[in-house]
Amino acid sequence: MPFREIRRAPAGLGIARRVHRGVPAPWTMTLKVVLGLAWPAVLEQLLNIVVDWTDAYLAGHLGTIALAAVGLSGQLTNLVAVFFGAVGVGATALVARAVGAGDRDQAGRITLQALLGAGALGLAGMGLAGIGGAWLFAALGAEPAVGTAARAYLNIVALSFPAIAVLFVGNAALRGAGDTLTPMRIWAVVVFANAALAWILSGPWSPFHLGIVGLGIATALARTLGAVLVGVRLWRGTARLVLPHRGLRLEGEVLQRILRVGLPAGAEQLLLQLALLNLTGVITALGTAAYAAHQIGLRVMSLSFLPGWGFAVAASTLTGQALGARQPEAGRKATFIALLLALALMGTMGLALALGGPLLVNLFTEDPEVIAQGAAALRITALIQPAMAVSFVFSGALRGAGDTRYTLLVTATSIWVVRLPIAILLAYGLGWGLPGAWLGMLADFAVRALLFAWRFIGGAWERVRV
């Protein structure tokens, strides 16, 4: 809910009218706005995770090779999605500022340019997957059977990369405008379509028995449907954002502004994904069981940082809109409220997953070795949660302000200088295996939390120009 239109809320005057009159908005009102933005974003991310869980569940019942193959192909998909995310970060920040300033037309122009740029990147990603997939799987040390299955899955999913780009960037623009409900609803449709198609094509009682190829078809079709839905929503428009219905052409100046903010965020995620690929190589060397346990552990742990994602979205949207309205203090207040809520929820969920991890791992596989290693890694989850909450919320606020060069520097330095060396040392040097690699993750997030907090509290983000 943007600063200029929150006046429709039932709570008193609303933040926009108060800040423009010089009257501070009460904490209760800011709390309500933060929660209103965060809970749909949390559900959206949960639905996103359910898509991965569906594939992992069915792949796990197809065998350990299929489970590892889906995880490996996901590494390359994540690498390509980095570029979509870069455009999405730029779109979120610029749309939020335009909405905060009350410029609906500018918000629409920015969104259109972001979608056109993302679609072009999606086409390039198809080529990258076709050329680099086999090489990447071999470089990661995948067993031949795993590499063959991963290529079969990726060749199908890659066809939907342009649609995935539109889905990601369109939702990012809507979030920048303060609409987190629409992306959540779209992902609900994607989840249902993916689950139904995957079950029909590859489920235990499937009449087609397409195996891992069926999972790829289901994923590609479901996300293409999501792209169509977000495109229709943006074309019809909302109270704060509508695509221009004329002039469907690239505008260099607008696209340059998007990329000025988005490229550092993309470079950050690219370096992050490259480091994670290196970490994948470390873990695959521990054996197929360790890698399968790692993939399951990540999926289970992802539940615990859902609140962090949701409150990071709230902090990003409200910080950008506050700067557009030239009221940075409103963004600061919203970010600290988001942080307190994220710490409380993530700490609680992390503890629950650490205690109940073995039961959840058991849902994905019946392999005793995979269950034992996955459960051991999840016990570290509770320790990671507070640092992850601080890192998520403060970095989200910084990106919403357009301060993406700083987040690039911190993330790249921390994951390459802290996480990877510590993971290698503990996993191999001390012989701690998979749990040692996860302790490297803990050290990484602790460093990031400290540096992001220092930057936000210092206030340099208030002076960033986009």
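Contact here means heavy atoms within 4.5 Å. By this criterion, and leaving aside its neighbours within four places in sequence, Trp438 is in contact with His294, Gly297, Leu298, Met301, Ala377, Leu378, Ile380, Thr381 and Ile384. The model is predicted, and local features need pLDDT of at least 70, side-chain atom pairs count only at pLDDT 80 or more, and totals for chains, interfaces and linings use all residues. Residues are numbered from 1 along each chain as its sequence is written, and side-chain values use heavy atoms, with hydrogens and water left out.

Trp438 also belongs to the largest nonpolar core, which has 136 residues. A nonpolar core is a set of buried Ala, Val, Leu, Ile, Met, Phe, Trp, Tyr and Cys residues joined through side-chain atoms within 4.5 Å. Buried means under 20% relative accessible area, exposed over 50%, and partly exposed in between, with a 1.4 Å probe and protein chains only. The residues with the most contacts inside this core are Val34, Phe161, Met301, Met388 and Trp438. Helix α3 (residues 64-100) gives the most to the core, with 18 residues. Helices are DSSP runs (H or I, at least four residues), numbered from the N terminus.

One of the residues that Trp438 meets, Ala377, is found in helix α13. Ala377 counts as buried because its relative accessibility is 0%. With neighbours within four places in sequence left aside, Ala377 is in contact with Leu434 and Trp438. The C-alpha atoms of Ala377 and Leu439 are separated by 8.7 Å, although these residues lie 62 residues apart along the chain. Helix α13 spans residues 368-378, and its buried residues are Val370, Ile371, Gln373, Gly374, Ala375, Ala377 and Leu378. These buried residues pack against α10 (288-301), α12, α14 (381-400) and α16 (433-458).

Arg332 lies in helix α12 (residues 328-364) and is buried, with a relative accessible area of 16%. Apart from neighbours within four places in sequence, Arg332 is in contact with Phe456, Ile457, Gly459, Trp461 and Glu462. Arg326, by contrast, is exposed at 73% relative accessible area and is found in the loop between α11 (306-324) and α12. Most residues other than glycine have a negative phi. Arg326 has a positive phi of about 60 degrees although it is not a glycine.

Two packed helices are described by the angle between their axes and the distance between the axes. Axes are lines fitted to C-alpha atoms, for helices over the stretch in contact, and angles run from 0 to 180 degrees between N-to-C directions. Helix α4 (residues 104-139) and helix α6 (residues 161-176) pack at about 150 degrees, with axes 7 Å apart. Helix α4 is therefore roughly antiparallel to α6, a term for angles over 145 degrees. Among the residues in this contact are Gly119, Gly122 and Gly125 of α4, and Phe161 and Gly170 of α6. By class, the contact of α4 with α6 has 12 nonpolar, 5 polar and no charged residues. Ala, Val, Leu, Ile, Met, Phe, Trp, Tyr, Cys and Pro count as nonpolar, Asp, Glu, Lys and Arg as charged, and the others, Gly among them, as polar.

Helix α2 (residues 27-62) and helix α8 (residues 211-236) pack at about 170 degrees, with axes 10 Å apart. Helix α2 is thus roughly antiparallel to α8. Residues of α2 including Asp52 and Asp55 meet residues of α8 including Thr219 and Arg223. By class, this contact has 6 nonpolar, 3 polar and 3 charged residues.

Methods. Helices (H or I, at least four residues) and strands (E, at least two) are DSSP runs, numbered from the N terminus. Angles under 35 degrees count as roughly parallel, over 145 as roughly antiparallel, 65 to 115 as roughly perpendicular and the rest as oblique.
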